[in-house]
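This report describes a few residues of one structure, grouped by topic. Please look at the sequence and the model first.

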Amino acid sequence: MTNGYRKNYHLEKKFHEFSDLREMVAYSAEKYSDKVAFVTKVKSKNTKGEKETSYINTTYKEFYDQIGYLGTALWELGYAGKRIGVIGENSYNWILAYFAAACGLGVVVPLDKLLQKEELASLIERGEISAVFCDKKTFPIFKELQINEIFGLDFIPEDGKSLSELLGRGKALVESGDRSYLDAPIDRDAMNFLLFTSGTTQASKAVMLCHRNLCSITYYMDMEELFFPDDVSMLFLPLHHVFGMGGLLVFITQGIKNVFCDGLKYISANFQEYGVSVMMTVPLLLENVYRKIWKGIDKQGKRATVEKAMKICETSEKFGIYLRRKLFKSIIDQLGGKMRFFINGAAALDPVVAKGLNDFGILTVSGYGLTETSPTIASETYRYLKPGSVGKTMPHVETRIDNPDEDGIGELVVRGENVMLGYYNDQESTDAVLKDGWFHTGDLAYYDDEGYLFITGRKKNVIVMKNGKNVFPEEIETLVNLLPYVSESMLFSRNKANDVVLWLKVVYDEEYLKDEGITVEQLNDIFEKDLQKINDTMPSYKMVKKFFLSNKPTVKTTTMKTKRGEELLKINEELAERGL
């Protein structure tokens, strides 16, 4: 028994691979018909000026029909075979525009709402985008850019059309017998999705994906990850990123209800409001949740009680009795009372946090993948859990470790239906990573004796010392980030005479300092001693010689990965200001 679940639910017998996303949604519309697919919150004011909240429930059948209406309207406007951009906050209308563009019309190009105007202008040009769906918040930027047509997701743009207007027009066309869009063939091997990578180490690349890519990995996830009919998923991750969208595709095949997050500040309230049980997330959020749980436990003086309950759970499970969700109900209630499943990705999760959340009765798994692999390559599941690993390779995905060293660490290379078509208009970069059908991830990894995959770091991030030894920044950062007052850290190197010196930027938790009544100067002394303890566990070439504390978070992508290149420039500026 793992986390109270039977060892094997034989999920491979319950699901199949779809040819394309249109077939996937049609299947869900028939199987789950009147079941709620999406819940949209609407805030308004009544005649007295008082705030009111209502909810729009969209069923799976309505979702499928509305994709057809919107696609038909766009077809009539001449957008068949065109590139359609979609940008804005996660919303039902955003999802509708994405699916309508991809399911028989042309190519959908999801864009990051956090990008600056200049960056968006470049991506629009590189992606050859003909029209853009945007929300009210992003409209001012696109108003200044040279776009043929702007469609409003949640508003009526000047001299343009709203999504609502297009739906009405498309419905009238379909009801009059227009099936030009509905019957348009979909080539599952042609580019239908153009995704720009977040570029943590270099300029973004345009990744070409097809329906086969997304449908194959959705099927593999369906076979491995355990969901239930009454699950409620909160769409927290940005949907323009393939990790967020990949999760949504799985939820659609499972007939799960999907709700939208109101923002980081409201996560706890949203958990309670919707009875959220499942969420795709990133380490920063989970680590923060875990710290707050223990902070509350310590505040109530219940650490000893909780630790005793942990031992009772371990003993009872030897006899097949699962008590965790009962004994730790008060903790689960803090997360809305229904939370049972966190799916972590985008970066490594602290193994202590992963084990801790599982110990509280919340199934917490980590997965690994890239935009280029649609995205999942490996994942933990309800059957396969090993904190620190990213689980086991997905079914039907082949992997190998290229040129392993004496520790078995080498570059992970992948082959499978989930691997991208290539980089758009960039054959040189495509040839550099796709060789003989194998995709070279650029990540260093190894497998243990039980077949669990461990990622040690990015090949490009490795710091080569003067003695030729390799230092993986992620290894040291993980240890440092375990310290209760550390929010995040970044290891980097500086040359000194004929030597390479390891430095560390440590972003401290300001809330921790306030709660503990500690000054930054005092924290400096505390960290110096803690760093010495970490150094004592390391060979001499891995020891961190210099560090500085900072209250400035690292520069990140929308999936909360540090952009090391950009961050290093900021670090150099900060060090220069301090005269270091």
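## Residue A206

A206 is buried, with a relative accessible area of 4% (buried means under 20%, exposed over 50% and partly exposed in between, using a 1.4 Å probe and protein chains only). The residue lies in strand β9, residues 206-209. Helices (H or I, at least four residues) and strands (E, at least two) are DSSP runs, numbered from the N terminus.

Leaving aside neighbours within four places in sequence, A206 is in contact (heavy atoms within 4.5 Å) with R126, L194, L195, F196, G422, Y423 and Y424. The C-alpha atoms of A206 and D426 are 8.4 Å apart, although 220 residues separate the two along the chain.

## Basis of the model

The model is predicted: local features need pLDDT of at least 70, side-chain atom pairs count only at pLDDT 80 or more, and totals for chains, interfaces and linings use all residues. Residues are numbered from 1 along each chain as its sequence is written, and side-chain values use heavy atoms, with hydrogens and water left out.

## Residue E474

E474 is found in helix α16, residues 473-481. Not counting residues up to four places away in sequence, E474 touches T456, G457, R458, N461 and R564. A polar atom of its side chain lies 3.3 Å from the backbone nitrogen of R458.

## Cysteines

A disulfide is a pair of cysteine sulfur atoms within 2.5 Å, and by this rule the count is zero. For C103, the closest cysteine sulfur, in C215, is 8.8 Å away and therefore too far for a bond. C103 is buried at 2% relative accessible area, whereas C261 is partly exposed at 22%.

Note on methods
A polar contact is a pair of N or O atoms within 3.5 Å; within protein, one must be able to donate a hydrogen and the other to accept it, and residues adjacent in sequence count only if both atoms are side-chain atoms.
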